[in-house]
Amino acid sequence: MTTTDTLNPTEVARLAVDVAAEKLATDIVMMDLRQLAVFADYFVVMTADSVRQIEALEEDLTNAMKEAGIPRHHREGTPASGWVLLDFADVLIHIFGPEERDFFGLERLWSRAPQVVRIL
């Protein structure tokens, strides 16, 4: 799968990890789904400590991707719900509050997916 002519899905996921780390998200994980799923190549999962931080991460990630020429295809969730999904085709970014991340347990559900990057 190719996300854009300029960045491949791995580079898009790494850009998301870099932006999340710069903006102080915690427990950032880049999961490689290429051998397990057809709907995406990578999940990037992160935790934000407040509704405001979820909003800020959503905005910063969307802007960084836009600047890199990567269109956002879809968005789900709300900061107030403690979960936002940003769909950049081959890369799905999940921004969670701490309780919501534990509840949804994406790392448990996708435990067969290699964790390419983990930043605590």
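## Exercises on salt bridges

**Exercise 1.** Find how far apart the closest N and O atoms are in the salt bridge that Asp32 forms with Arg34, and decide whether Asp32 is buried or exposed.

*Solution.* Begin with the term itself: a salt bridge is a side-chain nitrogen of Lys or Arg within 4 Å of a carboxyl oxygen of Asp or Glu. In the pair of Asp32 and Arg34, the closest N and O atoms are 2.6 Å apart. For the second part, buried means under 20% relative accessible area, exposed over 50%, and partly exposed in between (1.4 Å probe, protein chains only). Asp32, with a relative accessible area of 12%, is buried, whereas Arg34, at 43%, is partly exposed.

The model is predicted, so local features need pLDDT of at least 70 and side-chain atom pairs count only at pLDDT 80 or more, while totals for chains, interfaces and linings use all residues. Residues are numbered from 1 along each chain as its sequence is written, and side-chain values use heavy atoms, with hydrogens and water left out.

**Exercise 2.** Determine which residue forms a salt bridge with Glu107, and which residues are joined into one network.

*Solution.* The partner of Glu107 is Arg101, with 2.3 Å between the closest N and O atoms. Glu107 counts as buried at 17% relative accessibility, and Arg101 is buried as well, at 6%. Through salt bridges that share partners, Asp27, Arg101, Glu107 and Arg118 form one network.

**Exercise 3.** State how many salt bridges the structure holds, and describe the one between Lys23 and Glu22.

*Solution.* The structure holds 11 salt bridges. The side chains of Lys23 and Glu22 meet at 4.0 Å, N to O; Lys23 is partly exposed at 34%, and Glu22 is exposed at 59%.
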